[in-house]
Every structure is written in structure tokens, then in C-alpha cells.
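Biologist: Can you walk me through this one? I'd like to go element by element.
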Amino acid sequence: MKLVQHWLFSFLCALALGVAHAGEPPRDPILRLETGMHTAAIWRIGSDVQGRWLVSASNDKTARVWDVASGRLLSVLRPPVDVGNVGNLYSAALSPDGSMVAVGGWTRLDEVGNNIYLFERSSGRLVRRITGLPNVIFHLAFSPSGRQLAASLGGPNGIRLFETATGKEVGRDVYGDDSHSVSFNADGSRLAASAQDGKVRVYSVAAWGLTRLAEGATRGGTRAYTTRFSPDGRLIALGYQDSAKVDVLNAETLELEYQPDTSGVSVGNLATVAWSQDGSQLMAVGSWVRNGQYPLRVWSEQGRGAYQDLPLAADAVFDLLPLEDGRTLFGASDPRWGVIAPGGVRVGRSVSPQIVDYRDAREGFRLSADGQKVRFGYEKNGRSPAVFELATLHLAQDAGQNEAGMTGPRTEAPGIKIENWRNREHPTLNGAPIKLQNQELSRSVAIAQDGSRFAIGGSWSLRFFDATGKELWKMPAQGAVWNVNISRDGYWVVASYADGIIRWHRSSDGKELLSLFPHNDRKRWVLWTPSGYFAASPGGEDLIGWHLNRGKDGAADFFPVSRFRAQFFRPDLIAQVLQTQDETEALRLANADSGRRQDSAPARVQDVLPPVLQVLAPQDGAQVSSSTIKVRFAVRTPDNAPTTGVRVRVNGQALPEARSLAVVAEDDADVREINVPIPAQDSEIQLFAENRNGVSTPGVVRVHWAGAKAAPAPSFKPKLYVLAVGVSKYANSEFNLGLAAKDARDFAATLQKQQGQLYSEVKVRLITDDKATKDDVLDGLDWLRKEVTARDMGMMFMAGHGMNDNTGNYFFLPHNADPERLLRTGVAQSDIKIALNTLPGKAVFFVDTCHSGNALGSAKTRGAGTDINAFVNELASAENGVVVFTAATGRQFSLEDPSWGNGAFTKAVIEGLNGKADFQKTGKVTHKGLDYYVAERVKELTRGRQSPVSIAPSGVTDFPIAVVR
């Protein structure tokens, strides 16, 4: 549509007008989102000649390598970045053999110029930097041999040709305007390039450089975006940003041969063109939208014949890439990438966005009077609404019963008339123009309750004005500010951004003080301050992390905030930020309330870094036939924190002997080898390095079993060991609960029925009420550790009270607990973690300890403000490997009612285990099936007041935990 077309124009123009530089990349860590998918538009994609891998580039400052067959993310490539636009990536290419990735974009770090980065695909190692380029790199293409790399540049800088092996420039030509596309013919002897000066050029290519053979004027438009040789090299197709036309030119003379039928494309463009691999079809897509979808148009007879349209994406598509087998890859700005089946008849696989689509929520983006609650929609136009409450850290999917007193943005007020602001370039205030950046569109507007100020969200900024139109402050944005609202007390300007983040800006100066990222799975979320103090849902703390540059010539490191949980997990800080409007003061008050030391300096990420582990061999996807695999890996760790151990998990299960298996290879002190036993099946191996600061993120390699199939094993079933703890009657009767002990008994009895079914034997240790002292619980944990073998499953169920100490550590309260002496009388989270994360078999933990004795009608609640999220996240981290079911999240209470016979959570778990979670009618209940059933059933029982969550570590696949008789 026209809006997308205009946005593409103006955004790329803004890039090419002038490129600021930043000097050396900053050494201070930079907070970044990490969802497992891009969080901004995919501009370009590349693939190897066999179509095994895809690389995607985005202005979220990452490039990503994907397995095309499965859609699995293999690695994230992180060049050096800085604040602002430095590090935005707009081009990517993969060498024909798949060994080398080239990326470029807004990559100027110093006076020398912009950079092209060359990464080794298999390891992610940054092997070369081609520098000195005068402007943004918009497109990259490897020659068919892989020996040369062509680049198109912004501004009047034309194209460059480099030797891949050395980075040496061997050819160039300059143009009058941006160049967005270069294309080699099939044998690499010719190179075509287009520019937005209305010209297209063809060159002969040799090892020593380029020779221009022809130059011609474009016909269908003046701002060509894509240039593509036909497979036989006789034709060149052009797509345009400023036109819906597509031109097909003679590759020798550059004369127009024909223009495919573009009837029906009345608004938008078909800027991205590609040929099918056999050359029989021509394809085009772009900003043209129909019925909310961006269709792919496919013409027969090389573009001369009839066409068909295939709905492709929910936003503009910026790249198409045909494969040898007839499939075509695409990359879109949602962001999304996918595979189009041969013939362009359907979309085969699509890897979808992980961010919320805030576009056009308008009235649906609502705030409470004090800014403590925000209502947003997960889908465009504000559909699928939810409410997030900062005070309770609760995400409610049923917005209707949680949005009382919340209001949408005010767009009209006495004396303030803002017009021409909805997706327009020139908004006005009482008839006078409101100054935005050249070619920037206004996207959203909000007027303060007293009519003294107003905010405008634009294509790349958020601005605040007084009633006369004087700009009070401006905050740059990496993408559109889709919605903006002002709290009725006037203290907060809250906006939702294209990257999926909702930000709280202080109205006095625009400073961002809180940021919320709700994942579009509608479960996970993370909330953080500028210094990185955070709160997160179960599974949410890996959604952001710290990017650390390693100089101009090294790939950056990335550490999820989960690695710094002990220092930065501070849910107690969040409410203080809203009260004080100052992060430093909020930290002081939160420390005072919790009894923490005030004289110590705030933690610095760079001072508490865990190791970085990288698997070197075997390559991901390698075929193996031995039951023992030699894994070669490199470990980097700070000088003052040497590596203290290495852990290994295979298919999510721990190898307890792994710490003693690691040896240093002779050729490099940082390179090590370890022999890992694997079963005769496809396996995922995870390696973790430890130092005094913590545990690394896993180095992962997946191997495919190519050996002989294992001989049929004697029929045996695993054993199940269940430790069930429930405390209803406490030594201090004021703590008593109604159903916790019964919950433990009923849970144990339900699993006892699985003996002879899924399990050969079910051994239960049931500990309730006065038998559940601290020593009894610790003895039970020790029993579980000793009994479970690699073939077995260990389960733990806990019901009763839980609480946090003043530093946020979680404790289970046994029968004889004294909340004033938690260390002596409570069961610490560390005791539970040590027992469960060392089990050699599968480990599953059911926890229902968010209890309080307060009456709530006929129901009782469990959990006086206890926040269990940090403990759940720690247990379910990849290195600990525990599948966790928790009855409630954050500071929610867990409900029980005598009419249910159990707490809501336990009732749902038991029903699910007894068969109601067998949705596929396979006769088995898996942990994922149980998760889905429990979540829906508890929501039904409690009318949305309780939100159970299950979280499984990476590397742990779905597995059965019960069979249905």
C-alpha cells in the first residue's frame, strides 16, 4: 500500500543522505531484544546453491542463519554495533558452497567508512572485515564461483567488486543516486546493477575487475529496487519502488522487451522480482496489499503469460530467492521468512514474527490514570487485548475485567486541533505545520489531560510539544511509534513501538525509565529499566540480553539477562520507578526496603561475565555412527574468572561424569575436547562452561544418527520416583491451609496408578503436615537424588507456603518453618535445585506454594506476595534441565476451594493426568499436553484470577508422563 511504499522511500533516503560515524564500537554493554527471530524488517536474504541454509539481515542489528528444511535457527551473527542506527544490517549473502556469510548495512564505526563483515557460517566466527565503503551497503551478491563479492551502495557511490578471499577491491563504478541491487548471471561473467538515477548497467566480470558493457534508462519507473538476470542470461527483470510496473530488458542491449501484466496493482509496488530456477516463471512482490495480505504475483511464459496471485505475508516483502529444486525463499518486513513451493502455488514453511503487532490500535492502547496499567492488543487494530499491571507484574489476557478506569489516547481538546496526522507526512496544529523530520510520517497522537502538551509518534521518533507547537523533547526510535498515550496525572508518556516494546517515558524530559516486551505467545514477558534491572515471567528472562562488542574485528558476545539473575532480577524496583520517576532513587528505596547494602556500587555486567563456549566440531547436522562423539569446543572466560568445569546434556538429560571428561587440546589452551556418549538416534548435545560468575549459555550441536539401528532392547519400562510434599497444618497454626496436604496425597495416588502402565514401578515418598519438617523434606530430596537413574523419571510435588527473603531468594515453608528464621527453618531454593538438576533421568517439578491464609469468598488463596518466577526460571534453564509446572506466576495467589476437592492447580493436574490432557487421543499424556490443559482448566476454575505456567528447558523435547487406561 502507499503507506508502506512511502515508508520504504523515506527510510532508505534518510539512510543515504548522510552516515554518521561513532569511532571505536563502545565497550559498555548494550541491552538488546532476543526472541529467537528478528524484531525488525528482514531486508535481504541469501542461500547456498543447494538451498540448505538461509541467512537473513535486519535492522535489528543481527544476521541469522537458519536451517531451511526445519526452519530452525542455527546461529545469530552479531557484528559490532553502537547506539542509534550504527549496526543496522540491510544486506546479506551466503556463498554458493554455504561456507561464508557476508553482511553489510549502516556499519560505519570510524572515519574510514562502512564495513562488510564476512563470517564463517559453521562457527559464526568473524573472519574478515572489508572497510572503507563511503555509504550504507544495500545489497551483496556472491559470484557463482564464490570467489568474488559485489556490493551496491547508498548515495552517489555505485557498486564495488571484491575478492572474497582477501577483501581486495578489484572493480567499481559510481552512479548519481542509491544503488539497491546487483546480480550475477549464471556463469559469473556478467554483472547487472540498477540505481535510483533511472539507469541500469551491465558489466563484464574478470578476476581483475569490471568493464561496463551497456547502460540504459529504466522504463517502468526511476527508482529501481531489484535487478535480476534470467537463468539463461538473456533477460534482466527490474522492479521499482516508485511504480507498480515490472520491466524485462534485453541483457545485451538493455532495451525493453516487454512489461508483464500488473493490472489490479493500483496502490503500492512490485519492487522485488525473481525468476524461477528454470526461467519459465517470473515472480514479483512488494508493498502492494490486497485484503490485508501482500500477494506474490507469478507470471507464466517468463512474464509474458497469465498470472496468479498468492497471499504471502502480512507486510511488505523485500527479497525473493529461487532455489535449484524449484522452491523460492522470501523475506518480509513483519519480520518473517518462508519457503514458496515450486510453481509459486502455495507457501510451504514460514517462520513467523515473535513480536506483537501494535499497528493501528488507536483507542485500544489505554492507560490507567497513574500509568501503572497498560492495555494493548496482540494483533493489528488492537485485537486480542491484554492488560499488564506494573504493581502486581501480572499479564491478564482477559482485558475486559481488568481495564476499569483506563482510557485511550486523547486526540481532541479545547484549543488544540491536530489534523492530518494519521499516517501522513505533514500534521498540523490549529492549521500550522508541526515540524517532523523530512519525509517522516506521523503515526500516532495523544493530548495531555489538561490540554497543555501533546505527543506525536512518527516513523522514527517520539516527540513532545507544548500547546503552541514548541518541541519540548524528541526521542529517536529504530522504527515506527505505532501508538502513544499520556497518563491522566501527566507524568508519563507511554508508547508502543514497531520492535514490540512498550516504553514509559518521563514526560518532563522524555527519558525512558521502563520497557515492557510482551511476547506474542501471550505467555512470556520481560520488563526492565535502562540499567538492566528486570522482572520476567517464567521463560521470559532470555528475551533480552547484553550485547558486548569485542572491537572492530571480532563478533560481539551476547549474554541473556538470565546469566545475571542474582545481580539484576529486581521486581521490587519496578513499582519504585513509577513512584519516584528516577531509577537511581528507586534503587536506593528498594535496597532500603529489602535491607540490602547501600554503600556498594551497582553491579556492572562486564565485571561478572560467565564464560563463552563455542562448539567447533562436529558441525551441526553432522552424520554420526559411533556411540561416542568427540566434541571439540572453545571456551573464553575473563582473566580473573577461570573456567571451573564443563557440563554436558544429551537430549536434555545430564551426564553426571561430564566435568571430569573435559581435557585441554595440545594446540590451543582455549580449545578443548570431550567424549560424549549418545544413544543410537538423532541427538542434541549441549555443553556448558562454568566460572565463579556463573554458567555459559549452551553451545549446541545436533547430530543425525547414521549408524546401525540399535538391536531391539529387552522390553522394560522406566521407574518413576515421586516426592510429594504438602503442608496444611503448620506448627504455627496461623499459617494453616485447607487442602495442601490433600493435594500432595491425591497427586501421589494418581501417579501410583501408573505402575505397570507407563512405569514398571512407581515409588512414592509422601511427606505431609507434621511429617514434613525441614529435615524430612531434605531427606526426601536426598532420596530422590540417590534413587533416580538415567532410565528413570523423578518428580517432585510441593504444596504449602512459599516466600522470598529480602534479597528475593525463594524458600518453601515446611511444617516447622519460622519466617523470621528462614535460613535455619526454610527449605532453600538451592537445596531443591541441587537435588533436581543433578538427576540423571528426566526431572519434573510441580510447585503450588503461592499460598496465603486470607479468605476470599468461599475460596482461599495461597501466596502472600511471593514471587516464584526467578526460581522457576533458574530451575528450567538449559543447564539445570528441569521441566517446571507452577500453579501461579509472579505475585499471583493460588486458589483453593473445598467444592473443588483440591487447589485449582492440583485439580487440573490430576484431571489432565487421568486422561483429559490427551487431546490427540493417543493414550498418552505428554508434558506439553498437560501444560495446555492445566492452563485452560485453571483459568476456567478461577475465572481468570490464576495463571499457571509450564516451562521446559531448551533441548528437552516433549515426552509422555502418564498413559490413559
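Modeller: Strands (E, at least two residues) and helices (H or I, at least four) are DSSP runs, numbered from the N terminus. This is a predicted model, where local features need pLDDT of at least 70, side-chain atom pairs count only at pLDDT 80 or more, and totals for chains, interfaces and linings use all residues. Residues are numbered from 1 along each chain as its sequence is written, and side-chain values use heavy atoms, with hydrogens and water left out.

Biologist: OK, how many bridges join β37 to β38?
Modeller: There are 5, and the strands, β37 (residues 442-447) and β38 (residues 453-458), run antiparallel. Ala-446 sits opposite Ala-455 in β38.

Biologist: And what's in the turn of that hairpin?
Modeller: There are 5 residues between β37 and β38, and Gly-451 in the turn has a positive phi of about 75°.

Biologist: Is β37 buried or exposed?
Modeller: Mostly covered: 6 of its 6 residues are buried, meaning under 20% relative accessible area, with exposed being over 50% and partly exposed in between (1.4 Å probe, protein chains only).

Biologist: Helices now. How many residues of α10 are buried?
Modeller: 11 of the 13, so α10 is largely enclosed by the rest of the structure. Among the buried ones are Phe-905, Lys-907 and Glu-911.

Biologist: At what angle do α5 and α10 pack?
Modeller: About 5°, with the axes 10 Å apart. That makes α5 roughly parallel to α10; angles under 35 degrees count as roughly parallel, over 145 as roughly antiparallel, 65 to 115 as roughly perpendicular and the rest as oblique. Axes are lines fitted to C-alpha atoms, for helices over the stretch in contact, and angles run from 0 to 180 degrees between N-to-C directions.

Biologist: Which residues meet there?
Modeller: Contact means heavy atoms within 4.5 Å. From α5, Asp-743, Asp-746, Phe-747, Thr-750 and Leu-751 meet Thr-906, Val-909, Ile-910, Leu-913 and Asn-914 in α10.

Biologist: Last one: what's the strand order in the open sheet of 6 strands?
Modeller: β41-β42-β43-β44-β45-β46, with antiparallel pairing. β41 (481-486) and β46 (534-536) stand at the edges with a single partner strand each, so one side of each lacks a neighbour in the sheet.

Technical notes. Two strands pair if DSSP finds at least two bridges between them.
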